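Take a moment with the sequence and the fold.

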Amino acid sequence: MGKVSQFLSKIWISKFVILVLLITSYKVLENFKFEAIDHFVRDSLQFLNRTSEVDSSFVTLNININTDGISVPHTFEGIKKVIDRVQYYEPKNIVIMMEPLDFSQDPLEKKKIFQYLQSQQNLFLNKYEARNAIASFGKDELFKNFKRFIHFYKCSDSSKERENRRALISLSSFGEVELFDDLRQLGYTPKSETDFKYSFEYWNSKQIFLKSYPLGTFGNYQTSNLFDETFDGSLVKNKTVIIGTNDEFSHLVSKSPFSLFGMKTEMDYQKNWIPLQDVLANNFSHLTTGTYIKFLRDIDDLFIVLLLLYAIILIPIKFEKKLYLMLSLIPTIVVIEVVLYLIGNYYINFSRSLVILVLGQYFILPLILLWKFKKQEEEKYNELNKMRVDALIEVAEHVAHDLRSPLSTVNLVTYKATFENAEHREILKSALTRIDQIIGEILNSARSNDSASKSLVDVFEVSDPLISELKSKYSNIEFHSSIRKNVCILHSDNLKLSRILSNIFQNSIEALTDSEITNPKITLDFEFRSQNLLIKISDNGPGIRPEILKLLGTKQITAKVKSKGYGIGILQSKKLIEELGGKFTISSEIGRGTEFVLCFANQ
């Protein structure tokens, strides 16, 4: 139960850390608007606008300058020619989207134009009174006395609205009476203020956002069409014809998404902007049909997306499926945004969510995948190494079993043999005893999976016989040990510790044998540090190359050149140390030597 609870605690701690990171991201990003992304989405949606709800009784007409005998400024004959031709097709209303400066400034000519326009009972002038309007009919000494005006200026032209690609119209306060009365004056019944539920307060008035339909939605006919005998008069009959010239373009709505970062593809106004007459038709159409952008401003898209991300992390499914779910979030959001905009005219600003998802999918997620793939590779290496070690142990078991019989013979001969030096007999007997113990442990491990029982072990009693044996065998190598009796005591397994030290000593001996070191030396030392006992075995050999060093103990590899090493000793030592509850580190420097450090809890 302890291991299970420890495992679960690790899982929940990691998920808690992820939750903290998501909350931190939310706090950092909640005040960011990412307007560039918002603009791009809105511009793209503009291209997909449906025209089924457009009030087709509004028609726009462009006067072709310098064609059909028409020039600017307009003369009495020129403007009369156009108006008479339009009246020929029996329109419901005519609205002139021009300024006084578009007409001749000759007093007599200008008066004739005024009197003629005044005589047309279904004709209205645009009283454009925005702050940036240099001249308008409402400010002209003669035309300010005109009887029928349309107040186009109620469509906001602030720099903020231009940046946000939207036409903004006031429904209340200073705008309500004139704007709605204009439509009633033209014979239309506009929607009431209550029909626009998703309005908002702006500049002390109730405001709404309007869509901008593509150029041509309201005809955008040319005067050359009117004078063509094949022109279908029913296109303008009983409709409100809004007349302008295409040198007068609105700066309210841009058609091009490429203006997103302030980059115009070209400065041709006819390809990048919408004429004023079409902007007015667009706005009137929205107010008569009730079609407008229902901006859902109170939806916290960032909170929802971060909640979804955390839910995906918590779902107990495979990582691959979680990955697919995360990758599907961006297209899902885009589809939702498009469908809501086209079908219900709803708009949610998902710019923050899209930014965090793009960052996550194209920057953070690849790092996670890289980490996971690296972890999988390490797991494969570890599994392969385990299989190799298990196979070697199985072979060792068979060899150990077969060695029992000849070992008995060697023991018998040693007992009966005579030695010139009695110390040599003791060294040989100690070595044979250790071999017998190792064989016994190998055979016992084959019969049972239980680890050997631990007891108090004096490191000196384990290391001293080994060093004595190695001194007699390798007289050219200097061995030094600072460990003394009853100083380093461990709760360990005597035989396993002996095998560990023997493997490491052998590794150092072979490294020194392979090299041409003049004074080869192996040192055994110890250190007590923070409730731990460190056993250090170091040599002054040639050192281990970094690319080999980082793999030692993780896979079967050897640093030996001349001697025939197989890389088994270090792997086996690492496994035995871990079985005893210790840790194992190797440090090395080319030309200076290598140090092996065994770390055990101090008993």
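Which strands does helix H9 (residues 276-289) lie across? H9 lies across S1, S2, S4 and S9, and runs at about 180° to S1. Helices (H or I, at least four residues) and strands (E, at least two) are DSSP runs, numbered from the N terminus. Axes are lines fitted to C-alpha atoms, for helices over the stretch in contact, and angles run from 0 to 180 degrees between N-to-C directions. Contact means heavy atoms within 4.5 Å.

This is a predicted model, in which local features need pLDDT of at least 70, side-chain atom pairs count only at pLDDT 80 or more, and totals for chains, interfaces and linings use all residues. Residues are numbered from 1 along each chain as its sequence is written, and side-chain values use heavy atoms, with hydrogens and water left out.

The chain holds 18 helices and 20 strands. Of its 603 residues, 44% are buried; buried means under 20% relative accessible area, exposed over 50%, and partly exposed in between (1.4 Å probe, protein chains only). Among contacts with a separation of 6 or more, 77% are between residues 24 or more positions apart.

Start with the parallel sheet. It is open, and its six strands follow the order S4-S3-S2-S9-S1-S8. Strands pair if DSSP finds at least two bridges between them. Strand S4 (149-150) and strand S8 (221-222) are the edge strands, each pairing on one side only. S3 (residues 123-126) joins S2 (residues 93-96) over three parallel bridges and S4 over two. Which way do the side chains of S3 point? Leu123 and Leu125 point one way, Phe124 and Asn126 the other, and all are buried. In a regular strand, side chains alternate between the two faces of the sheet. Helix H3 (76-88) lies across S1, S2, S3 and S9 (240-244), at about 155° to S2.

Is histidine 74 buried or exposed? Histidine 74 counts as buried because its relative accessible area is 1%. Its contacts beyond four places in sequence include Ile63, Met98, Asp102, Phe103 and Thr245.

Now turn to the other sheet. It is open, with five strands in the order S15-S17-S18-S20-S19 and mixed pairing. S15 (478-481) and S19 (583-589) stand at the edges with a single partner strand each, so one side of each has no neighbour in the sheet. Neighbouring strands are turned by 15° against each other on average, direction ignored. S19 and S20 (residues 593-601) run antiparallel, joined by seven bridges. Lysine 583 stands opposite cysteine 599 in S20. Helix H16 (residues 494-514) packs on this sheet, touching S15, S17, S18, S19 and S20, and makes about 25° with the direction of S18.

Helix H15 also meets this sheet. H15 lies across S15, S17 (521-529) and S18 (532-539), at about 170° to S15. Its buried residues are Val459, Val462, Ser463, Leu466, Ile467 and Leu470. Seen down the axis, they fall within an arc of 115° (directions from the helix axis to the C-beta atoms), so they line one face of H15.
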